[in-house]
Amino acid sequence: MSGPRRERRKADPDLHDPERLYVITGDLDDSERSALDLVTMVVAQAEPSPTFQPEQAAILRLCQAPLSVAEISAYLSLPFSVVTSLLSDLLATELIESRAPIVRATLPDRSLLEAVMHGLQKL
Amino acid sequence: MDFRSSDTITGPRSEDVLPTTATAAVKVVIVGGFGVGKTTMVGSVSEIRPLTTEETMTQAGVGVDDNAGVETKTATTVAMDFGRISLSEELILYLFGTPGQERFWFLWNGLFEGALGAVVLIDTRRLEVSFDVIGRLEERGVPFVVAVNTFPDAPHHPVEALRRALDLPDEVPMIDCDARLRASSRDVLMTLMRYLHSLAVPLA
(Lines give C-alpha, C1' and ligand atoms only; values in the text may rest on other atoms or scores of the structure.)
Protein backbone atom coordinates (compact mmCIF):
# COMPACT_ATOMS: atom_id res chain seq x y z
CA MET A 1 0.00 0.00 0.00
CA SER A 2 1.14 3.55 -0.61
CA GLY A 3 0.73 6.56 1.60
CA PRO A 4 2.48 7.92 4.66
CA ARG A 5 4.79 5.68 6.64
CA ARG A 6 5.75 5.85 10.25
CA GLU A 7 9.24 5.50 11.67
CA ARG A 8 9.81 3.45 14.78
CA ARG A 9 10.97 5.27 17.92
CA LYS A 10 13.31 4.00 20.58
CA ALA A 11 12.45 3.82 24.25
CA ASP A 12 13.80 6.98 25.83
CA PRO A 13 14.80 6.73 29.49
CA ASP A 14 15.32 10.48 29.86
CA LEU A 15 12.20 11.47 28.09
CA HIS A 16 12.52 15.08 27.18
CA ASP A 17 9.66 16.67 25.38
CA PRO A 18 8.40 20.23 25.29
CA GLU A 19 4.98 19.30 26.61
CA ARG A 20 6.63 18.45 29.93
CA LEU A 21 6.19 22.18 30.48
CA TYR A 22 2.57 21.38 31.24
CA VAL A 23 1.82 20.42 34.77
CA ILE A 24 -1.34 19.34 36.49
CA THR A 25 -2.94 22.27 38.27
CA GLY A 26 -3.21 22.00 42.00
CA ASP A 27 -1.39 22.52 45.24
CA LEU A 28 -0.43 18.93 45.93
CA ASP A 29 3.22 18.07 45.87
CA ASP A 30 4.36 15.05 43.88
CA SER A 31 4.33 12.61 46.77
CA GLU A 32 0.71 13.32 47.60
CA ARG A 33 -0.42 13.22 43.99
CA SER A 34 1.25 9.93 43.21
CA ALA A 35 -0.53 8.35 46.16
CA LEU A 36 -3.89 8.41 44.35
CA ASP A 37 -4.34 6.92 40.91
CA LEU A 38 -7.36 7.20 38.61
CA VAL A 39 -8.18 3.62 39.56
CA THR A 40 -7.34 3.70 43.26
CA MET A 41 -10.41 2.12 44.91
CA VAL A 42 -12.01 4.15 47.71
CA VAL A 43 -14.42 2.96 50.44
CA ALA A 44 -16.05 5.16 53.08
CA GLN A 45 -15.38 4.32 56.71
CA ALA A 46 -18.10 6.66 58.04
CA GLU A 47 -21.63 7.79 57.26
CA PRO A 48 -21.97 11.31 55.91
CA SER A 49 -23.24 13.76 58.52
CA PRO A 50 -24.37 17.39 58.29
CA THR A 51 -21.11 18.55 59.85
CA PHE A 52 -19.11 17.63 56.74
CA GLN A 53 -18.51 19.95 53.83
CA PRO A 54 -20.90 19.18 50.95
CA GLU A 55 -18.10 17.73 48.77
CA GLN A 56 -16.90 15.47 51.56
CA ALA A 57 -20.44 14.35 52.38
CA ALA A 58 -21.03 13.57 48.70
CA ILE A 59 -17.87 11.46 48.54
CA LEU A 60 -18.80 9.53 51.68
CA ARG A 61 -22.28 8.90 50.26
CA LEU A 62 -20.88 7.70 46.91
CA CYS A 63 -18.28 5.46 48.51
CA GLN A 64 -20.44 3.37 50.80
CA ALA A 65 -19.50 0.67 48.24
CA PRO A 66 -16.03 0.63 46.59
CA LEU A 67 -15.57 3.19 43.82
CA SER A 68 -12.54 4.32 41.79
CA VAL A 69 -11.20 7.88 41.97
CA ALA A 70 -12.11 8.26 38.27
CA GLU A 71 -15.74 7.36 38.99
CA ILE A 72 -15.90 9.76 41.94
CA SER A 73 -14.53 12.53 39.68
CA ALA A 74 -17.13 11.69 37.01
CA TYR A 75 -20.13 11.53 39.35
CA LEU A 76 -19.14 14.76 41.14
CA SER A 77 -18.21 16.52 37.86
CA LEU A 78 -14.99 17.69 39.49
CA PRO A 79 -11.49 17.56 37.95
CA PHE A 80 -9.24 14.71 39.01
CA SER A 81 -6.81 16.93 40.95
CA VAL A 82 -9.67 18.54 42.92
CA VAL A 83 -11.02 15.10 43.83
CA THR A 84 -7.60 13.78 44.89
CA SER A 85 -7.18 16.83 47.12
CA LEU A 86 -10.56 16.18 48.79
CA LEU A 87 -9.75 12.47 49.13
CA SER A 88 -6.36 13.22 50.70
CA ASP A 89 -8.12 15.15 53.48
CA LEU A 90 -10.59 12.32 54.03
CA LEU A 91 -7.75 9.78 54.09
CA ALA A 92 -5.82 11.85 56.62
CA THR A 93 -8.82 11.79 58.97
CA GLU A 94 -9.50 8.09 58.25
CA LEU A 95 -13.01 8.76 56.98
CA ILE A 96 -12.18 6.72 53.88
CA GLU A 97 -9.88 3.85 53.04
CA SER A 98 -8.06 3.48 49.75
CA ARG A 99 -6.60 0.53 47.91
CA ALA A 100 -3.86 1.23 45.38
CA PRO A 101 -4.27 -0.32 41.92
CA ILE A 102 -2.15 -3.15 40.60
CA VAL A 103 0.23 -1.50 38.14
CA ARG A 104 2.40 -2.97 35.43
CA ALA A 105 5.64 -4.13 36.94
CA THR A 106 8.95 -4.54 35.18
CA LEU A 107 8.19 -8.23 35.15
CA PRO A 108 4.46 -8.63 34.57
CA ASP A 109 2.68 -11.02 36.87
CA ARG A 110 1.39 -14.01 34.91
CA SER A 111 -1.19 -15.02 37.50
CA LEU A 112 -2.70 -11.53 37.38
CA LEU A 113 -2.89 -11.64 33.58
CA GLU A 114 -4.48 -15.09 33.76
CA ALA A 115 -7.10 -13.74 36.17
CA VAL A 116 -7.83 -10.89 33.73
CA MET A 117 -8.19 -13.34 30.82
CA HIS A 118 -10.43 -15.60 32.86
CA GLY A 119 -12.69 -12.65 33.63
CA LEU A 120 -12.78 -11.48 30.01
CA GLN A 121 -13.76 -14.95 28.81
CA LYS A 122 -16.97 -14.67 30.82
CA LEU A 123 -18.05 -11.49 29.03
CA MET B 1 -16.01 26.39 44.34
CA ASP B 2 -19.19 25.90 42.45
CA PHE B 3 -20.54 22.67 43.79
CA ARG B 4 -24.02 21.24 43.56
CA SER B 5 -25.79 20.24 46.75
CA SER B 6 -24.75 16.68 47.55
CA ASP B 7 -28.41 15.65 47.45
CA THR B 8 -28.44 16.18 43.70
CA ILE B 9 -25.37 14.05 42.98
CA THR B 10 -26.27 11.01 40.98
CA GLY B 11 -24.14 8.05 41.94
CA PRO B 12 -23.97 4.65 40.28
CA ARG B 13 -27.23 2.96 39.41
CA SER B 14 -28.05 0.23 41.92
CA GLU B 15 -27.01 -2.48 39.43
CA ASP B 16 -23.66 -0.72 38.95
CA VAL B 17 -22.68 -0.74 42.62
CA LEU B 18 -19.57 -2.87 43.15
CA PRO B 19 -19.48 -5.57 45.84
CA THR B 20 -17.48 -4.70 48.97
CA THR B 21 -14.95 -7.34 47.90
CA ALA B 22 -13.93 -5.24 44.87
CA THR B 23 -10.53 -4.08 46.05
CA ALA B 24 -8.08 -4.67 43.18
CA ALA B 25 -8.16 -2.53 40.06
CA VAL B 26 -6.14 -2.64 36.84
CA LYS B 27 -6.31 -0.34 33.84
CA VAL B 28 -5.83 -0.45 30.09
CA VAL B 29 -5.67 2.63 27.85
CA ILE B 30 -7.20 2.69 24.38
CA VAL B 31 -5.37 5.15 22.11
CA GLY B 32 -5.52 6.16 18.48
CA GLY B 33 -6.21 9.24 16.42
CA PHE B 34 -9.36 11.32 16.44
CA GLY B 35 -12.48 9.46 15.31
CA VAL B 36 -11.06 5.93 15.12
CA GLY B 37 -13.65 4.53 17.55
CA LYS B 38 -11.96 4.56 20.96
CA THR B 39 -15.04 5.70 22.83
CA THR B 40 -17.11 3.19 20.87
CA MET B 41 -14.80 0.39 22.02
CA VAL B 42 -14.93 1.52 25.66
CA GLY B 43 -18.74 1.61 25.46
CA SER B 44 -19.11 -1.78 23.80
CA VAL B 45 -17.31 -3.75 26.53
CA SER B 46 -18.10 -1.62 29.59
CA GLU B 47 -20.61 -2.88 32.15
CA ILE B 48 -21.45 0.71 33.07
CA ARG B 49 -22.52 3.55 30.83
CA PRO B 50 -19.18 5.21 30.00
CA LEU B 51 -18.29 8.09 32.31
CA THR B 52 -16.03 11.10 31.81
CA THR B 53 -13.34 12.46 34.07
CA GLU B 54 -11.28 15.52 33.35
CA GLU B 55 -8.18 17.35 34.39
CA THR B 56 -6.86 20.85 33.87
CA MET B 57 -3.33 21.23 32.58
CA THR B 58 -1.61 24.59 32.76
CA GLN B 59 1.43 25.78 30.88
CA ALA B 60 3.59 28.61 32.08
CA GLY B 61 4.07 31.09 29.25
CA VAL B 62 7.36 30.45 27.49
CA GLY B 63 8.83 32.41 24.62
CA VAL B 64 5.74 34.51 24.11
CA ASP B 65 6.64 37.41 21.84
CA ASP B 66 4.53 40.26 23.09
CA ASN B 67 4.46 39.54 26.79
CA ALA B 68 8.07 39.93 27.83
CA GLY B 69 8.27 40.00 31.60
CA VAL B 70 4.63 39.08 32.01
CA GLU B 71 3.90 35.66 33.37
CA THR B 72 1.20 34.01 31.31
CA LYS B 73 -0.53 30.71 31.73
CA THR B 74 -2.51 28.65 29.27
CA ALA B 75 -5.01 26.16 30.66
CA THR B 76 -6.23 23.14 28.78
CA THR B 77 -8.93 20.80 29.98
CA VAL B 78 -8.28 17.20 29.10
CA ALA B 79 -11.31 14.93 29.19
CA MET B 80 -11.15 11.18 29.29
CA ASP B 81 -13.93 8.65 28.81
CA PHE B 82 -13.78 5.40 30.71
CA GLY B 83 -15.65 2.19 31.31
CA ARG B 84 -15.44 -0.73 33.70
CA ILE B 85 -15.48 -4.52 33.59
CA SER B 86 -15.81 -6.59 36.77
CA LEU B 87 -13.49 -9.53 36.12
CA SER B 88 -14.27 -11.23 39.43
CA GLU B 89 -15.63 -10.33 42.85
CA GLU B 90 -12.24 -8.78 43.65
CA LEU B 91 -10.66 -7.69 40.37
CA ILE B 92 -11.92 -4.74 38.30
CA LEU B 93 -10.62 -3.64 34.89
CA TYR B 94 -10.95 0.02 33.91
CA LEU B 95 -10.64 1.07 30.26
CA PHE B 96 -9.67 4.62 29.37
CA GLY B 97 -10.07 6.25 25.97
CA THR B 98 -10.77 9.75 24.82
CA PRO B 99 -11.59 11.94 21.87
CA GLY B 100 -8.73 14.16 20.74
CA GLN B 101 -5.96 16.09 22.56
CA GLU B 102 -3.92 12.94 22.90
CA ARG B 103 -0.56 14.56 23.47
CA PHE B 104 -1.90 15.78 26.80
CA TRP B 105 -2.77 12.36 28.16
CA PHE B 106 0.88 11.50 28.31
CA LEU B 107 1.22 14.17 30.98
CA TRP B 108 -1.45 12.57 33.09
CA ASN B 109 0.74 11.19 35.83
CA GLY B 110 0.84 7.41 35.84
CA LEU B 111 -1.93 6.92 33.29
CA PHE B 112 0.28 4.93 30.94
CA GLU B 113 3.02 3.92 33.32
CA GLY B 114 0.48 2.36 35.65
CA ALA B 115 -1.54 0.67 32.91
CA LEU B 116 -1.07 -3.02 32.15
CA GLY B 117 -0.78 -2.05 28.48
CA ALA B 118 -2.48 -0.18 25.66
CA VAL B 119 -4.62 -0.86 22.61
CA VAL B 120 -3.86 1.29 19.55
CA LEU B 121 -7.03 1.49 17.48
CA ILE B 122 -6.47 2.40 13.83
CA ASP B 123 -8.60 3.33 10.83
CA THR B 124 -6.96 2.18 7.57
CA ARG B 125 -8.27 5.29 5.80
CA ARG B 126 -6.22 7.54 8.08
CA LEU B 127 -3.27 5.55 9.37
CA GLU B 128 -1.18 8.65 9.95
CA VAL B 129 -3.42 9.94 12.76
CA SER B 130 -2.07 7.09 14.91
CA PHE B 131 1.64 7.57 14.18
CA ASP B 132 2.27 9.96 17.04
CA VAL B 133 0.61 7.91 19.79
CA ILE B 134 2.43 4.75 18.69
CA GLY B 135 5.74 6.61 18.87
CA ARG B 136 4.94 7.91 22.33
CA LEU B 137 4.08 4.43 23.61
CA GLU B 138 7.37 3.14 22.20
CA GLU B 139 9.31 5.94 23.89
CA ARG B 140 7.73 5.13 27.22
CA GLY B 141 8.12 1.39 26.86
CA VAL B 142 4.38 0.75 27.22
CA PRO B 143 3.44 -2.63 25.65
CA PHE B 144 0.61 -2.39 23.11
CA VAL B 145 -1.33 -4.28 20.46
CA VAL B 146 -2.79 -2.74 17.29
CA ALA B 147 -6.48 -3.25 16.52
CA VAL B 148 -7.69 -2.41 13.02
CA ASN B 149 -11.23 -1.06 13.35
CA THR B 150 -13.10 -2.33 10.29
CA PHE B 151 -15.22 0.45 8.87
CA PRO B 152 -17.55 -0.71 6.06
CA ASP B 153 -16.12 1.70 3.47
CA ALA B 154 -12.47 1.39 4.50
CA PRO B 155 -10.07 -0.31 2.10
CA HIS B 156 -8.85 -3.67 3.29
CA HIS B 157 -5.07 -3.96 3.47
CA PRO B 158 -3.12 -7.11 4.27
CA VAL B 159 -1.86 -7.05 7.84
CA GLU B 160 1.75 -7.21 6.64
CA ALA B 161 1.32 -4.06 4.52
CA LEU B 162 -0.16 -2.27 7.53
CA ARG B 163 2.67 -3.52 9.71
CA ARG B 164 5.20 -2.04 7.27
CA ALA B 165 3.36 1.28 7.01
CA LEU B 166 3.21 1.51 10.82
CA ASP B 167 6.80 0.22 11.14
CA LEU B 168 5.77 -2.26 13.83
CA PRO B 169 8.08 -4.99 15.08
CA ASP B 170 6.97 -8.55 14.19
CA GLU B 171 6.14 -9.40 17.80
CA VAL B 172 3.52 -6.66 18.21
CA PRO B 173 0.14 -8.38 17.64
CA MET B 174 -2.28 -6.92 15.08
CA ILE B 175 -5.95 -7.87 15.03
CA ASP B 176 -9.02 -6.85 12.99
CA CYS B 177 -11.99 -5.76 15.07
CA ASP B 178 -15.38 -4.11 15.01
CA ALA B 179 -15.28 -1.70 17.96
CA ARG B 180 -19.09 -1.62 18.08
CA LEU B 181 -19.30 -5.27 19.06
CA ARG B 182 -18.68 -6.44 22.60
CA ALA B 183 -17.27 -9.84 21.57
CA SER B 184 -14.89 -8.24 19.07
CA SER B 185 -13.65 -5.62 21.55
CA ARG B 186 -13.30 -8.35 24.17
CA ASP B 187 -11.10 -10.33 21.73
CA VAL B 188 -8.85 -7.28 21.32
CA LEU B 189 -8.38 -7.11 25.11
CA MET B 190 -7.68 -10.86 25.17
CA THR B 191 -5.03 -10.37 22.47
CA LEU B 192 -3.39 -7.68 24.61
CA MET B 193 -3.43 -9.92 27.72
CA ARG B 194 -1.95 -12.89 25.82
CA TYR B 195 0.78 -10.60 24.48
CA LEU B 196 1.54 -9.27 27.98
CA HIS B 197 1.57 -12.87 29.21
CA SER B 198 4.12 -13.78 26.54
CA LEU B 199 6.33 -10.90 27.70
CA ALA B 200 6.16 -12.08 31.31
CA VAL B 201 9.02 -14.11 32.60
CA PRO B 202 7.84 -17.25 34.38
CA LEU B 203 8.80 -17.41 38.03
CA ALA B 204 11.57 -19.92 38.64
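Modeller: Two residues are in contact if their C-beta atoms, placed from the backbone, lie within 7 Å. This is a predicted model, in which local features need pLDDT of at least 70 and side-chain atom pairs count only at pLDDT 80 or more, whereas totals for chains, interfaces and linings use all residues. Residues are numbered from 1 along each chain as its sequence is written, and chains are lettered from A in the order in which they are written.

Biologist: How many residues does the contact take from chain B and from chain A?

Modeller: Chain B gives 69 residues and chain A gives 58. On the side of chain B that touches chain A, the largest share, 10 residues, comes from β2(B), where strands (E, at least two residues) and helices (H or I, at least four) are DSSP runs numbered from the N terminus.

Biologist: How are two packed helices described?

Modeller: They are described by the angle between their axes and the distance between the axes. Here α5(A), residues 110-121, and α5(B) pack at about 165 degrees with their axes 10 Å apart, the axes being lines fitted to C-alpha atoms over the stretch in contact and the angles running from 0 to 180 degrees between N-to-C directions. That angle makes α5(A) roughly antiparallel to α5(B), a term for angles over 145 degrees.

Biologist: Which residues make the contact of α5(A) with α5(B)?

Modeller: Among them are Leu113(A), Val116(A) and Met117(A) of α5(A), and Leu189(B), Met190(B) and Met193(B) of α5(B).

Biologist: Is helix α1 of chain B mostly covered or uncovered?

Modeller: Helix α1(B), residues 38-45, is mostly covered, with 6 of its 8 residues buried, that is, with 20 or more other C-beta atoms within 10 Å of their own. The buried residues include Met41(B) and Val42(B).

Conventions. Buried ≥ 20, exposed ≤ 12 C-beta atoms within 10 Å, placed from the backbone. Parallel < 35°, antiparallel > 145°, perpendicular 65-115°, else oblique.
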